[in-house]
Amino acid sequence: MSLVTGLVQAEFEPPSPADFDLPAVFGSGTFDFLGQAQVAGVTKPMIQIVLAAVFVFALFYLASRKRAMVPGKLQFAGEEAYGFVRNSLGRDIIGSHDFQRFVPYLFALFFFVLINNLMATIPVIQFPTFSRSGMVYSLALMSWVIYNAVGIQKHGFLGYLKLQSVPAGVGGVILLLLVPLEFMSNIIVRPVTLALRLFANMFAGHLLLILFALGGEYLVKEMGGAYIGVGVLAWVLFILVAMLEILIQFLQAYVFVLLNAMYIQGALADEH
């Protein structure tokens, strides 16, 4: 009986989505929402969201507080970061006529997403905030409101609806087929795909890291013998994938803001 119990305890439990359901840091109650139990308290991703916002604000406030003709290291870094977002994500995508008023939003959004992504790699924290889908959908909903509001402000409600739903140069039966597809694609589906791209990358990357870390530990500690080498190889892969994840975390922040800029440009354009 004791031998059977020992074998059961030694079985490897692969990581699953349940590993992302962290307990509340403050508060311990639960409630049902859409048939699922939800935590009624402050969780780790909530704290990370606040920490990222405070960090981004504090960093660039300090970088711009003592502006000088000959910049110090922090001011120089802040100016380079601002120029990167302003030029590559603002001016080059939205266009030189309208981009300037969107730069503060794009700049804050890029570094907010980037810091939250990098939290998956920062020791002690080691959890990607946007591996929680609710966090990403909230961000995508804000983007949806902004670029649709910009389009309605410029073209009027019906004019913007026509711009997003009726492709130029198309008529007849094809137009009847394309209008509902364009409406679904440009108005309804965009925030969903925008959120899914960021969420899926953060979720899958972190799940892979957990798999290599726990799998390697299991092979070394529980299996032993010839499996030790495989376990060490899993840890090596863990390190390599962790390094690759840093690049992905940056790219996903860039792509998220790039798509925001493209949607704003599309809302401001005179033709679809």
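The questions below cover a cavity, a helix and some aromatic pairs in this predicted model.

Me: Which helix supplies the largest share of the lining of the largest cavity?
Reply: The search of the whole structure finds one cavity of 30 Å³ or more. Leu194, Arg197, Leu198, Gln252, Val255, Phe256 and Leu259 line this cavity. Helices α7 (172–223) and α8 (227–268) each supply at least two of the lining residues. The largest share, four residues, comes from α8.

Me: Where in α7 does the kink lie?
Reply: The kink is about 65°.

Me: Why does the pair of Phe20 and Phe127 tie together parts that are apart in sequence, and how many residues apart are they?
Reply: The two rings form a tilted pair, 6.0 Å centre to centre with 55° between the planes. Phe20 lies in the loop between α1 (2–10) and β1 (26–33), and Phe127 in the loop between α4 (103–118) and α5 (133–155). So the parts tied together are apart in sequence by 107 residues.

Me: Is Phe127 buried or exposed?
Reply: Buried means under 20% relative accessible area. Phe127 has 4% relative accessibility, so Phe127 counts as buried.

Me: What is the state of Tyr61, partner of Phe57 in an aromatic pair, by relative accessible area?
Reply: Phe57 and Tyr61 are stacked, 5.9 Å centre to centre with 10° between the planes. They sit four residues apart in helix α2 (residues 44–65), about one helical turn. Phe57 counts as exposed at 59% relative accessibility. Tyr61 has a relative accessible area of 45%, so Tyr61 is partly exposed.

Technical notes. Residues are numbered from 1 along each chain as its sequence is written. This is a predicted model: local features need pLDDT of at least 70, side-chain atom pairs count only at pLDDT 80 or more; totals for chains, interfaces and linings use all residues. Side-chain values use heavy atoms; hydrogens and water are left out. On a 1 Å grid over the protein atoms alone, a cavity is a set of points where a 1.4 Å probe fits but cannot get out, and a pocket is an open set with protein on both sides within 12 Å along at least five of seven lines; lining residues have an atom within 4 Å of a point. Grid points are joined across faces, edges and corners, and a volume is the space filled by probe spheres set on the points. The bend at a residue is the angle between axes fitted to the seven residues ending there and the seven starting there. Rings of Phe, Tyr and Trp (its six-membered ring) pair if their centres lie within 6.5 Å; planes under 30 degrees apart count as stacked, over 60 as edge-to-face and the rest as tilted. Buried means under 20% relative accessible area, exposed over 50%, partly exposed in between (1.4 Å probe, protein chains only).
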